[in-house]
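Trainee: I have not worked with this structure before. Could we go through how to read a few of its features?

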Amino acid sequence: MSGVRISILCLITALCTTGCLYPPVTQPPPDAQQEVVIPLPYDLAWDAVNAVVTENSFHVQAQDMTNGIIEAVGPRFTLHDADCGKIKSVAGAYTAEPEQNSSSVYNFLVRPRGPEATLVVVRATFNSSVSVPLHPATDVDCVSHGIQESNLLREVLVEAKKTHRPTYAKPNTAPQQAASSASAQSSGPTRRPPSSIDKGEVQSEMPTPMRGFSLGGNLKLPGPPPQ
């Protein structure tokens, strides 16, 4: 009888601890949460998306600018980011938690929309192993809530406002022209400005005691005073 009781207790314990995994019931996010059109040509939009990938420290697994594809691995995600389903057992039901080895992968699609606009799409894939009592760990594709995609698109919009083509200032030719003009003037004959002093005016304006002196250098002494 004791052996039968032990078996019954073991069976009850197993029933209480066993459980089942139910898949996520959350609907995938709508397109409005996963795409945006930015006012940049394709090449600048590509640079803006890559800047956001770098700022978030994502690990780029694949990149193809010709087809506008970037595949990047993100950090571990949480229940805030995605729904991994529920676990139900005899003890009750509870939400499946992502494990430490959970992974997030972000696929960026960049598509031109005319010469001055670009469509940017973000698709997130969340995966985690889920432990169910008395079952081996199971890999689950969790359904995104669209939160991370919306955050990344907002960052792309902010980065787009800061992304511009480099501007090159034209060289200032005024100093060169001034130097050429000065060089041309210095190479020509040097002309002295005309004197505003006339010799006749000099003689007429000389004081009376100096009129006995000639400008030619001959000294004429005045005669003796009359007796």
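Mentor: We can start with one side chain. This is a predicted model, and in it a polar atom of the T163 side chain lies 2.7 Å from the backbone oxygen of E159.

Trainee: Where does T163 lie?

Mentor: T163 sits in the loop that runs between helix 3 (147-162) and helix 4 (174-187).

Trainee: Is T163 buried or exposed?

Mentor: Buried means under 20% relative accessible area. T163 counts as buried because its relative accessibility is 9%. Leaving aside residues up to four places away in sequence, T163 touches L40, L44 and A48.

Trainee: Which residues of helix 2 are buried?

Mentor: They are Y42, L44, A45, W46, A48, V49, N50, A51, V52 and V53. Ten of the 14 residues of helix 2 are buried, so the helix is largely enclosed by the rest of the structure. The cover over these buried residues includes helix 3, strand 2 (35-38) and strand 9 (118-130).

Trainee: How far does helix 2 reach?

Mentor: Helix 2 (residues 42-55) reaches 20 Å from its first C-alpha to its last, close to the 20 Å expected at 1.5 Å a residue. Just after helix 2, S57 has a positive phi of about 60 degrees.

Trainee: What does T138 touch?

Mentor: T138 is in strand 10 (residues 138-144). Residues up to four places away in sequence aside, T138 touches L21, S128, S129 and V130. T138 and S128 are ten residues apart in sequence, and their C-alpha atoms are 8.2 Å apart. At 34% relative accessibility, T138 counts as partly exposed.

How values were computed:
Residues are numbered from 1 along each chain as its sequence is written. This is a predicted model: local features need pLDDT of at least 70, side-chain atom pairs count only at pLDDT 80 or more; totals for chains, interfaces and linings use all residues. Side-chain values use heavy atoms; hydrogens and water are left out. Helices (H or I, at least four residues) and strands (E, at least two) are DSSP runs, numbered from the N terminus. Buried means under 20% relative accessible area, exposed over 50%, partly exposed in between (1.4 Å probe, protein chains only). A polar contact is a pair of N or O atoms within 3.5 Å; within protein, one must be able to donate a hydrogen and the other to accept it, and residues adjacent in sequence count only if both atoms are side-chain atoms. Contact means heavy atoms within 4.5 Å. The expected span of a helix is 1.5 Å times one less than its number of residues.
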